[in-house]
Amino acid sequence: MSARARRTVAAGISALALAGCVGRSSVLDPAGRYALSLERQWWINLGVTAAVFAIVMAVAARGVWKSRTRGGPRDEVIRPVERHERRGERIVLAALALSALLLAGLGYTDLVARRALKPVTGEPLVVKVTGHQWWWEFEYQDPLPSNAVNSPGALHLPVGRDVRLELVSHDVIHSFWVPNLTGKRDLIPGHPASLMIHATRPGTFVGECAEFCGHQHATMRFVVVCESPARFAAWRTAQSQVPPPPATAETNHGRDVFLASSCMMCHTIRGTGAASRVGPDLTHVGSRPALAGATLPNTQGHLMAWIADPQATRPGVKMPPNALDRDDLVALTAYLTSLR
Amino acid sequence: MSRRGVLPCLPEIALAAALVIASCERERRDFQASTAEAVVARAAPLDTLHAGEDSLPEFLPASMPLSHLGTTYAGRAYDLSEGKRLFSAWNCSGCHGNGGGNMGPPLMDRTWIYGSSPDSVYRSIVRGRPNGMPSFSGRIPQYQVWQLVAYVRSLSGHASFTASPGRSEDMETQVRPENSRRGRAPVDRNHRPEGSR
């Protein structure tokens, strides 16, 4: 059965039984090599255990049916019948042997799946992933420091190439999980970890934090964009550049508002004097697929609502409300959305 | 009274326990600051405080915006821990160390050059002080300045024991955490520049 057909069958069954499990953020819709081998292993396990379950239930049902008695309970002593006992022994031994064989088989397929989780295609791309409360920071480092890219909330990956993620936590334990691409890996403060990813088809997926980390753990998401190597290279080059100075009077005023109020205490915009690393890097905030832990669409209106009071959508988050004048807020968000 | 055992008294015991537990007050965390609290702190009005003086006694707390927060936050664990987070996030430790002082004066001792009252510390942060303390006027929301004020005072024990931050995970354990420093009476030593008077 081809991969496409298999996916269609999976979609059909899943739509009936596991509604909503296929599609974005679904382990059953693999888009990466490792996710593919994990999904295969999942179906094998499900098939074998479902079959064993059905057999055991059938035998139990037959037993219940066969031991029906008409009338009341019998008073005579029940003695073992030699013929039945011997047959029973043979059946139990056969079932035992079959179980051992099946478990060994499952263990072998598990081994094969694990071996498939090793990197294959040459030099991996290295991305440093830092987990903060409650946002993700992705840094693409480069031997030339001016080419470094800092992309909070959006992880771009080239299709068909191994990517090694260096996982580091800034504060508490988080866990990196992109269901479509690979399994989970914890980010433990003080213990850097690494995780291999290999995207096999382009698409946009959603990743999330899989280890409870505080008030906004549930909204600590990020967007994963898998694209062709050419588009990835173009994106990376664009992100490494300093944005041009603001062109209109409104965006100029917006930049002044950014630098004159509390924004620069926590945020960086390369090309201005603001270089704080407490909060996410805003140098190319206009090009992000989503805002605020991938919970808000990236539009000027949503940005205005977020800046005015982040505690309304994500209470407990570290960013304070900002009591700005309406005109200042409009200019500020116009400036920020112009930073592509 | 005859001995009947505990079981017949169970409803009374349960009632007593429920009353005791209900009286425990849980600290409330207000994440949504009011507009007045979220406005950035601007430089407070000029005062005539000299180095070495305590806060002016005739100063009226009502004239300082939200000055009640200076004492409120001293009893709230969330605000003290936020003050601690902001203290390191905004690099106060760059000059003050973790309270032990470096280029800037220590904050965990009894000597307060410009006064130890919450209002004095507020003004030190917002207006800046001579010889290197920068002004953060227009940069920090009001309520966060008061969180910093409460934390800075907790460094020398002027905050509630139950609310002060505990041991920092990344610090040596020889340093007593904020919640076990006794609040000693502040002493404002006379600090005069060389050559004057």
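**Note on the predicted model: loops, bridges, cores and patches**

1. **A loop in chain A.** A:Trp134 sits in the loop between β1 (125–132) and β2 (135–140) of chain A. The peptide bond joining A:Gln133 to A:Trp134 is cis. Its omega is about 5 degrees. Keep in mind that this is a predicted model. **Two asparagines in chain B.** B:Asn91 has a phi near 65 degrees, a positive value in a residue other than glycine. B:Asn91 lies in the loop between α4 (77–89) and α5 (93–96) of chain B. The residue is exposed, with a relative accessible area of 52%. For B:Asn131, phi is also near 65 degrees and positive, and again the residue is not glycine. B:Asn131 belongs to the loop between α6 (118–127) and α7 (142–154) of chain B. B:Asn131 is exposed, at 75% relative accessible area.

2. A:Arg201 and A:Asp29 form a salt bridge, and their closest N and O atoms are 2.7 Å apart. What does this pair tie together? A:Arg201 lies in the loop between β8 (193–198) and β9 (203–209) of chain A, and A:Asp29 lies in the loop between α1 (3–17) and α2 of chain A, so the pair ties together parts that are 172 residues apart in sequence. A:Arg201 is partly exposed, with a relative accessible area of 24%. A:Asp29 has 12% relative accessibility and so counts as buried; the cut-off for buried is under 20%.

3. **A bridge within a helix.** A:Arg114 forms a salt bridge with A:Asp110. The closest N and O atoms are 3.0 Å apart. Both residues are in helix α3 of chain A, and because they are four residues apart there, about one helical turn separates them. A:Arg114 is exposed, at 53% relative accessible area. A:Asp110 is partly exposed, at 28%.

4. B:Asp79 and B:Arg76 meet through their side chains in a salt bridge, 3.0 Å from N to O. Is B:Asp79 buried or exposed? B:Asp79 counts as buried, at 5% relative accessibility. B:Arg76 is partly exposed, with a relative accessible area of 23%. In chain A, salt bridges that share partners join A:Glu137, A:Glu139 and A:Arg277 into one network.

5. **The nonpolar cores.** In soluble globular proteins, nonpolar side chains tend to be buried together. In this model, the largest nonpolar core has 52 residues. Which of its residues touch the most other members? They are A:Phe176 and A:Leu336. Helix α8 (residues 326–337) of chain A gives the most to this core, with four residues.

6. **A nonpolar patch on the surface.** Some nonpolar side chains sit outside. A:Val52, A:Phe53, A:Val56 and A:Met57 form a nonpolar patch on the surface. Together they have about 360 Å² of accessible area. A:Phe53 is in helix α2 of chain A. A:Phe53 is exposed, with a relative accessible area of 54%.

7. A:Arg62, A:Lys66, A:Arg83, A:Arg87 and A:Arg90 form a positive surface patch. Which helices supply it? In chain A, α2 (33–66) and α3 (82–115) each supply at least two of its residues. The largest share, three residues, comes from α3(A). A:Arg87 is placed in helix α3 of chain A. A:Arg87 counts as partly exposed, at 47% relative accessibility.

How values were computed. Residues numbered from 1 in each chain as written. Chains lettered and ligands numbered in written order. Predicted model: local features only at pLDDT ≥ 70, side-chain atom pairs only at ≥ 80, totals over all residues. Heavy atoms only, no water. Patch = residues over 30% accessible without salt bridge, like charges linked within 9 Å, V, L, I, M, F, W, Y side chains within 5 Å. Areas by Shrake-Rupley, 256 points an atom, 1.4 Å probe, with all protein chains shown as cover. Salt bridge = Lys/Arg side-chain N within 4 Å of Asp/Glu carboxyl O. Lys, Arg positive; Asp, Glu negative; His and termini not counted. Charge placed at Lys NZ, Arg CZ, Asp CG, Glu CD. Buried < 20%, exposed > 50% of the residue type's maximum accessible area, 1.4 Å probe, protein only. Core = buried A, V, L, I, M, F, W, Y, C linked by side-chain atoms within 4.5 Å.
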